[in-house]
Amino acid sequence: MEKTLNQLRKEFELIATEHRQINSFFFGEFLDAVSRDAVTYPMMVVSLQPSQIGDFNVGINAIITICDKYNQSDYDQINEIHSDCISICKDIHTTFKQWRFDEFLDIEGTIGTTPFINRSQDMTAGWTMELAVNIFDTENWCNIPFDNYDFKNN
């Protein structure tokens with residue numbers, strides 16, 4: 001792969017860190033993210049989904065959640081959060097379409113988004129977006145860390 005999953009995770013974290021409307025980042029499951037002590041909202045959570053390996057690429061699927069905390073009795077606040085969070089989702093989509101990513105991945109067409117209201121430890125609302133990217137892979141068998149494996153390619 002041109003980039004590893006850890007390198008892609010660092011790109012997600014950098015996007016979250018540099019975006020002025022995102023205050024924290026978590027790579028893992030959403031419920032684990034909101035169950036931590038002292039979460040700073042708005043938050044970006046990236047959760048891996050079933051993915052695929054193809055010829056000359058590795059497809060990575062992830063659910064990106066952008067959420068903020070709300071007061072249970074303030075329904076207008078939920079509307080504001082939904083408005084802000086969908087804008088952040090669009091910002092992330094636009095970011096992944098830039099030249100920075102062109103040399104090692106491409107993003108799959110249209111991205112599905114879903115609004116949500118979560119009533120767990122923290123009362124949160126926001127959007128999830130289904131991101132699918134293909135990380136390029138040259139399939140260079142010489143770079144595979146084998147000791148004495150014979151490919152029989154001679």
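Mentor: We begin with a polar contact, a pair of N or O atoms within 3.5 Å; within protein, one must be able to donate a hydrogen and the other to accept it, and residues adjacent in sequence count only if both atoms are side-chain atoms. Here the side chains of Asn-134 and Asn-57 form a polar contact at 3.3 Å. The model is predicted: local features need pLDDT of at least 70, side-chain atom pairs count only at pLDDT 80 or more, and totals for chains, interfaces and linings use all residues. Residues are numbered from 1 along each chain as its sequence is written, and side-chain values use heavy atoms, with hydrogens and water left out.

Trainee: Is Asn-134 buried or exposed?

Mentor: Buried means under 20% relative accessible area, exposed over 50%, and partly exposed in between (1.4 Å probe, protein chains only). Asn-134 has a relative accessible area of 11%, so this residue is buried. Asn-134 lies in strand 6, residues 123-136; strands (E, at least two residues) are DSSP runs, numbered from the N terminus.

Trainee: Where is Trp-127 found, and which backbone oxygen does its side chain reach?

Mentor: Trp-127 is also in strand 6, and its side chain reaches the backbone oxygen of His-82 at 2.9 Å. Trp-127 counts as buried because its relative accessibility is 16%.

Trainee: How far apart are Trp-127 and Thr-113 in sequence and in space?

Mentor: Trp-127 and Thr-113 are 14 residues apart in sequence and 6.5 Å apart in space, C-alpha to C-alpha.

Methods: Helix = DSSP H or I, 4+ residues; strand = E, 2+ residues; numbered from the N terminus.
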